[in-house]
Amino acid sequence: MSQYLLRRLLIALPSLLGISVVLFTILALAPGDPFEELATNPAIPPEVREALRVKFGLDDPVWTRYFRWLTAMLQGDWGFSFASRVDVDELILGRVPTTLIVIGSSQLLALLVALPVGVIAATRPYSIFDQIANTLAFIGFSLPTFFTGLLLILVFSIYLDWLPFVYRADVPGSGWPWLWEHIKQAIMPVLVLGLFQGASMTRYVRSATLDVIRLDYVTTARSKGLRERVVIVKHVVRNSLIPVVTLVALQMPAVFGGAIVTEQIFRVPGIGSLLISAILANDTPVIMGVTFVFAILVILFNLIADVLYGWLDPRISYR
Amino acid sequence: MDHRELKNLIARVKDGAMSRRAFVRRVAAVGLTAPMATQILALGGVSAQAQTKFAYKPTKRGGGGALKVLWWQGATLLNPHFAVGTKDQEGSRIFYEPMAGWDAEGNLVPMLAAEIPNVENGTLAKDGKSVVWKLKKGVKWHDGKPVTADDLIFNWEYARDPATASVTIASYKDVKVEKVDDLSVRVMFEKPTPFWADAFVGTRGMLIPKHLFAEYKGDKSRDAPNNLKPVGTGPYKFVDFKPGDMVRGELNPDYHMPNRPYFDTIEMKGGGDAISAARAVIQTGEYDYAWNMQVEDEILLRLEKGGKGKAIITPGANIEHIQLNSTDPWTEVDGERSSAKTKHPLLSDPAVRQALALLVDRKSVQDHIYGRTGIATANFLNNPPRFTSKNTKFEFNVEKANQVLEAAGWKKGSDGVRAKDGKKLKLVYQTSINQPRQKNQAIVKQAAQKAGIEIELKSVTASVFFSSDVANPDTYTKFYCDIQMYTTTMTQPDPELFMNQFTSWEVATKENKWQGRNITRWKSDEYDKAFQAAQGELDPVKRAALFIKMNDLVVNNQVVIPVVYRPRVAAASLKLQAPLSGWDNDFWSLRDWYREA
């Protein structure tokens, strides 16, 4: 097991290196200039822009810049943002908690919706409940988050005026009112992300359960005279969840990606909105930092999915 | 100036359309002295108190609750000397103050200064070569240390050091600053300088404390912990900062103005987009104020109906204009196109330029595209009013354009496109990708077609168009195109810096990496001479006349075709009282902001 882990981690290194090369080249080839705003301001002489370009090493050839970035990165130095001149790791760490709260609660919501709905739908296939659940699930994952997000804002903030649509990470106050404020502002972004995830997950849970429910051991359990409830919860769901668990792990990076748009719409100060503003400002070190974090997440969660799968299903062995 | 004109002017002062000061300047131009002008005003029924001054009503400090403002691009750093864009300047302006700021009419208002320097009491030298700035007594930094002349000297040294790489360097590098006494300094210029209010004033004049930044001058400037934790003199003290997201401040109990500030806390939230920011202020009232509403006027008007807020339009002089290339963009000379050594094959004919100017339907552009956010104009230099030319006017007339072209020998071919000496009248018209601009392009193209000019439209992504990337052929500074359109900004109420973009020494070339500011590459001795004269002209009236002459040269020779000038647009709650200015940051007078009950 530990040997397998070690091997996987070693394989991950060249992939990360490859990812960083691709990212860096694309960013270097993309047009744009972090000091664009200086260029159109008549009060700032061009020499200042030149001096800054030289100071931040922007005029060096791409490969020089890449190796400088790589050697710094290997020593744990993520560089600093051209826009705010703050260290990139500091910027990212400052944003991570908010992203985790929003994404964590939306994943929780997705599971809370998907598990019961999927299982019930599978136990009564083609019933009215199943039909409705299916239809809603299809609608849910075919509507993009930027659309549902705007729709919710229009309905709940503008027409009904119930919920705020600007997310503030540091709401003043304490105790219950503080918690209520937090919940109120998180409802919409969490709903948007959670329901989108929940919709597709419902389909997975349903099909996984359907696969298991037809197996012989379930029939055996039933013929033993066990109550239906016990059969479903103890015998069916346990086994049907194995593929679902790995799926959740595999989807995590995608959730982070989907959160970028949602964060922008609701002004959630997470790493997604950091990425967007960095892209708009051509702030290369920050873009590199954030996308690199995403890359690490993808590789990490892939590994977690594989390990989890083996742990849950003893039929699988690592070699 | 005849009797009727004078009466009109007085009426404008009466209903607030014109300031007293502007009136005095205007009549001074015809030889009346200032006391005389004031008397005329008094006779006309405008009392001395009628100055359009902002009335600050709160009678005690604090008690206003939280002021919540929305910046759809969040502040990324809080050191005014590194403030790349206005978002960073605004974030810094909550905590830092300059010696003086600019009000809406382009007049100086003291902030940290005890008074505005003037010739009468000798603080402004008669020869225009030095100015004395006096600090107000008893002003303290937020950490309790007093503000002294040493701080002023330090800011000068800090900003002018090339190693610091400050964006304010231009205001400080060519002046010398010496200490007069503990509270005053003398700023000395090499040449007589009519525009002396640059260093220590407005957006680039915010002062940082010497005792916290002294160790971080030059190369080490990035390491200063206070780059992110400002300690200034402003009405609000620093609480918390998350780059790109949130700036928070709280009332400064020792602020140097009585009864100010009104709000207990301030929160500047960043991120999102302009339209939803407008919604949060105008429609739902979740926020009190939002900056830079780059939203179509149509949408603003719709939101304003029955909403909780309004759009505030502040006059400025940013100008959306069409530039006509004076050089040939299609021939390469010494490795560059649009080389200053060439002449444009079509646009060098004045008739073509005149026709083009007649074909831009500015009225329609204003009515159908920009509304209140872009005002049709004939002038390149539109504000402050004392610099506005009255000699120009614009006209949209396809018929006349046809006549002008016909008379100059441009004959229509079978395809409806005019030609002369085998050269077809075909132009490429580029601009950045931005919906109003594409609509504007279409309007011009349509009219030009009727006059036999074929225009090919080209739009470039803004991040490419406005970049200084030397390798990219599509930047506006390279101008590898016949005509192009964008907005150029005027950041100071004095037009000297603004008008240098037509001087011959500013021509953008390969040699200066296309960093010269004269993009049209037009050259005129007459213009150069007028500009140089204005640089040293100390008489404000004569100086204004020179700038008006420069504007007329540019407009009458169709070097550019001004389209609309763009006032600044902000959104504010109906109750919020906030004096804004087109010549300074939105927060220039944050100390005076309050909410009406």
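Two residues are in contact if their C-beta atoms, placed from the backbone, lie within 7 Å of each other. What you have above is a predicted model, where local features need a pLDDT of at least 70, side-chain atom pairs count only at pLDDT 80 or more, and totals for chains, interfaces and linings use all residues. Residues are numbered from 1 along each chain as its sequence is written, while chains are lettered from A and ligands numbered from 1 in the order in which they are written.

Q: What makes residues 86-93 of chain B a helix, and why is helix α4 called largely enclosed?
A: Helices are DSSP runs of H or I with at least four residues, strands are runs of E with at least two, and both are numbered from the N terminus. A residue is buried if 20 or more other C-beta atoms lie within 10 Å of its own, exposed if 12 or fewer, and partly exposed in between, with C-beta atoms placed from the backbone. In α4(B), 8 of the 8 residues are buried, so the rest of the structure largely encloses this helix. Among them are B:Lys87, B:Asp88, B:Glu90 and B:Arg93.

Q: What covers the buried residues of α4(B)?
A: The cover includes three strands of chain B: β1 (66-71), β8 (246-251) and β9 (265-270).

Q: Why are β5 and β6 of chain B called paired?
A: Two strands pair if DSSP finds at least two bridges between them. Strand β5 (residues 176-181) and strand β6 (residues 184-188) of chain B have 5 bridges in the antiparallel sense, so they pass that test. B:Lys179 stands opposite B:Val185 in β6(B), and a hairpin through 2 residues links the two strands.

Q: What makes a set of residues a nonpolar core, and how many residues has the largest?
A: A nonpolar core is a set of buried Ala, Val, Leu, Ile, Met, Phe, Trp, Tyr and Cys residues joined through C-beta atoms within 7 Å. The largest has 151 residues, and those with the most contacts inside it include B:Leu70, B:Ala278 and B:Ala290. Leaving aside neighbours within four places in sequence, B:Ala290 is in contact with residues including B:Val69, B:Leu70, B:Val281 and B:Ala571. A second, separate core of 70 residues includes B:Leu381, B:Phe498, B:Val564 and B:Tyr565.

Q: How many residues does each chain give to the contact between A and B, and what kinds are on the side of chain B?
A: Chain B gives 44 residues and chain A gives 42. On the side of chain B, α8(B) gives the most, with 3 residues. That side divides into 18 nonpolar, 16 polar and 10 charged residues. Here Ala, Val, Leu, Ile, Met, Phe, Trp, Tyr, Cys and Pro count as nonpolar, Asp, Glu, Lys and Arg as charged, and the others, Gly among them, as polar.
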